[in-house]
Amino acid sequence: MNKSALTLIFSLAVMPLLVQCASQDELNQVHYQLRMLNKKVSELETTTIDTLQKRQASSASQMDQLYREFLQFKSDLEETGHLNRRLTEQNKELENAFKSYAKTEEEKRAAELKRLEQEIVNKDQSIDELAQQLKLQQDNLQAIQNARVEEAKRKAEAAARAAAEARAKAEAARSAGSGVPAKIRADKTKNIFTVSTPSSAAPAQAATAPAAAAASQPAAAPTSPAAAAASSSNDADALYSKGQYREAYRAFEELTRNPENSQAATNARYMMGECLFALKEYDQAILDYQNIITNNPSSAKAPAAMLRQGMAFEKLNDSDTARILYQKLIASYKDSPEASQAQQLLDKM
């Protein structure tokens, strides 16, 4: 029951009492106040009900909006959870794949490291073997050089003894004044002239004088005609240019015996190696080149000799020793033109 009905019933109940106690004006005044009260109550009910209805409608709309947002949020949460589960599974798969890849790569690196270590060990052994071979070859070269030096000394001593004997015979013939004078000629032939009967002193003296004069001359060293003709550097170069490598070798060898010009002797020693190289006697050429490297390491011909020595080893199919020589040339004479040539030869090996 609404408030207006209650108010009306209350008014009817108290009206007899009011009629008895109050006058007509007062009654009218009370009726007026009741009407105004009913009007206010009606307005209040209308206003309140409309406001409440509007609020209720607005609240219902907000509730619907909140419910829709809740459903959307719930859907987003479910989708996010699904994505999180998928990401977790993918992370596990990626983690397993990464562990497998890391393990495989670690095994590969370990195998590669082991292979490299073994290769380094093998290379070190090869280097040691090559160093031993090089030392052995250097020792052999030194021994051969020493033998050649001793042989040259022996020949020089033999030539000196022969010259001394010749001078002694010449002196004996000169002091005798007659008899059997010996005549030694430059063609290595000794002719004996015998005077049968000295019929007179004048003919005997005439025969003795030329012989003594010839015998008094020192005996010439036994040299070939070609080497004697090529006693100068120009003549030796000319023989080399003509391809007469044997004769050029002997001519250059004569030039090495001049101790007054060490640079010319070194150049001649280098050309001796070049002659043997042209004759394809590579092992002998290596010895002459080694003589320059050992005895004149600061000479301008030293890097050229080392380069040609490496090329000679290549001709002998000893590429390992040639490679070592090229590397040594680059390290020892890095600013020389021969170092650039050695690097080019290394790149082709």
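This is a short tour of a predicted model, stop by stop.

Residues are numbered from 1 along each chain as its sequence is written. Local features need pLDDT of at least 70, side-chain atom pairs count only at pLDDT 80 or more, totals for chains, interfaces and linings use all residues, and side-chain values use heavy atoms, with hydrogens and water left out.

**Whole protein.** Start with a cartoon view. The protein has eleven helices and two strands; helices (H or I, at least four residues) and strands (E, at least two) are DSSP runs, numbered from the N terminus. The order of elements from the N terminus is α-α-β-β-α-α-α-α-α-α-α-α-α. Of the 349 residues, 22% are buried, where buried means under 20% relative accessible area with a 1.4 Å probe, counting protein chains only.

**Tyr-67.** Select Tyr-67, which sits in helix H2 (residues 24-176). Together with Phe-70 and Leu-71, Tyr-67 makes a nonpolar surface patch of about 330 Å². Such a patch is made of Val, Leu, Ile, Met, Phe, Trp or Tyr residues with over 30% relative accessible area and no salt bridge, their side chains joined within 5 Å. Accessible areas come from the Shrake-Rupley method with a 1.4 Å probe, and for residues only the protein chains shown count as cover.

**Phe-252 and Tyr-270.** Next, select these two. In the largest nonpolar core, which has 36 residues, they touch the most other members. A nonpolar core is a set of buried Ala, Val, Leu, Ile, Met, Phe, Trp, Tyr and Cys residues joined through side-chain atoms within 4.5 Å. Elements giving two or more residues to this core include helix H6 (245-255) and helix H7 (262-278). Beyond its neighbours within four places in sequence, Tyr-270 is in contact (heavy atoms within 4.5 Å) with residues including Tyr-289, Lys-301 and Arg-308.

**Glu-338.** Move to helix H11 (residues 337-348), where Glu-338 is placed. Is Glu-338 buried or exposed? Glu-338 is buried and has no salt bridge; Lys-301, the nearest side chain of opposite charge, is 7.3 Å away. A salt bridge is a side-chain nitrogen of Lys or Arg within 4 Å of a carboxyl oxygen of Asp or Glu. Not counting residues up to four places away in sequence, Glu-338 touches Pro-303, Ala-304, Leu-307 and Leu-329.

**Asp-318.** Finish in the loop between helix H9 (301-315) and helix H10 (319-332), where Asp-318 lies. Asp-318 is buried without a salt bridge, and the nearest side chain of opposite charge is Arg-323, 8.1 Å away. Leaving out residues up to four places away in sequence, Asp-318 touches Gln-137 and Phe-313.

Notes: Buried < 20%, exposed > 50% of the residue type's maximum accessible area, 1.4 Å probe, protein only. Lys, Arg positive; Asp, Glu negative; His and termini not counted. Patch = residues over 30% accessible without salt bridge, like charges linked within 9 Å, V, L, I, M, F, W, Y side chains within 5 Å.
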